[in-house]
Amino acid sequence: MTEYHPSDDPPITISNEFADIRVRKVYTRNGERLEISAHRRGYRILLDAVELEGLTWQPAETFSGFLRASIGRDSEEDESRMP
């Protein structure tokens, strides 16, 4: 559980037709974290500086892979992989 800190930053909302997320800096017993929440889906994650930096090392294809795993491949791609 995230511990409340009086100087927690207010959330920033970023959304489009596919997603609605909130991002804010929070303070935990283990230091500062970035909290990312997807309220529609009910997901939340806290990332520290090293984890966030690791995201910057990833090519865009990594994130496309995350989406395919969570919502499935489109039919065109599936057909192109069939023998």
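Reply: Side chains of opposite charge can pair when their charged atoms come close. The rule used here asks for a side-chain nitrogen of Lys or Arg within 4 Å of a carboxyl oxygen of Asp or Glu. Arg44 and Glu35 meet that rule, with N to O at 2.7 Å. Bear in mind that this is a predicted model, where local features need pLDDT of at least 70 and side-chain atom pairs count only at pLDDT 80 or more, while totals for chains, interfaces and linings use all residues. Residues are numbered from 1 along each chain as its sequence is written, and side-chain values use heavy atoms, with hydrogens and water left out.

Me: How many salt bridges does the rule give in total?

Reply: The count comes to three. Arg24 also forms one with Glu35, where the closest N and O atoms are 2.6 Å apart. Arg24 sits in strand β2 and Glu35 in strand β3, so this pair ties together parts that are eleven residues apart in sequence. Then there is Lys25 with Glu32, at 3.7 Å from N to O.

Me: Which residues end up in one network through shared partners?

Reply: Arg24, Glu35 and Arg44 do, through salt bridges that share partners.

Me: Are Glu35 and Arg44 buried or exposed, or something in between?

Reply: The cut-offs go by relative accessible area: buried is under 20%, exposed is over 50%, and partly exposed lies in between (1.4 Å probe, protein chains only). Glu35 counts as buried at 8%. Arg44 is partly exposed at 46%, and Arg24 is partly exposed too, at 22%. As for the other pair, Lys25 is partly exposed at 30% and Glu32 is partly exposed at 44%.

Me: Now the fold. What order do the elements run in from the N terminus?

Reply: The labels come from DSSP: helices are H or I runs of at least four residues, strands are E runs of at least two, and both are numbered from the N terminus. The order is β-β-β-β-α-α-α, which gives three helices and four strands.

Me: And how are the strands arranged in the sheet?

Reply: In general, strands of a sheet pair through backbone hydrogen bonds, either parallel or antiparallel. The working test is that DSSP finds at least two bridges between two strands. Here the four strands form an open sheet in the order β1-β2-β3-β4, with antiparallel pairing. β1 and β4 (43–47) stand at the edges with a single partner strand each, so one side of each has no neighbour in the sheet. The twist averages 25° from one strand to the next.

Me: Can you walk me along the strand pairs?

Reply: Go pair by pair. β1 (residues 12–15) and β2 (residues 20–28) pair over four bridges, with Ser15 opposite Asp20, and the hairpin they form has four residues between the strands. Eight bridges join β2 to β3; Arg22 has Ser37 as its bridge partner in β3, and two residues separate the strands of that hairpin. β3 and β4 pair over five bridges, with Ile36 opposite Ile45. Their hairpin has four residues between the strands, and Gly42 in the turn has a positive phi of about 80°.

Me: Where does helix α1 lie relative to the sheet?

Reply: Angles like this one use axes fitted to C-alpha atoms, for helices over the stretch in contact, and run from 0 to 180 degrees between N-to-C directions. Helix α1 (residues 49–56) lies across β3 (31–38) and β4, at about 105° to β4.

Me: Which residues make the nonpolar surface patch?

Reply: Leu55, Phe63 and Phe66 make it, with an area of about 270 Å². Patch members need over 30% relative accessible area and no salt bridge; nonpolar side chains (Val, Leu, Ile, Met, Phe, Trp, Tyr) are joined within 5 Å, and like charges within 9 Å. Phe63 belongs to helix α2 (residues 60–71) and is partly exposed at 33%.

Me: What do the whole-chain numbers look like?

Reply: Buried residues make up 16% of the 83 residues. The accessible surface (Shrake-Rupley method, 1.4 Å probe, with only the protein chains shown counting as cover for residues) comes to about 7,000 Å², and 55% of that belongs to carbon and sulfur atoms. For contacts, meaning heavy atoms within 4.5 Å, take those between residues at least 6 apart in sequence: 11% of them join residues at least 24 apart.
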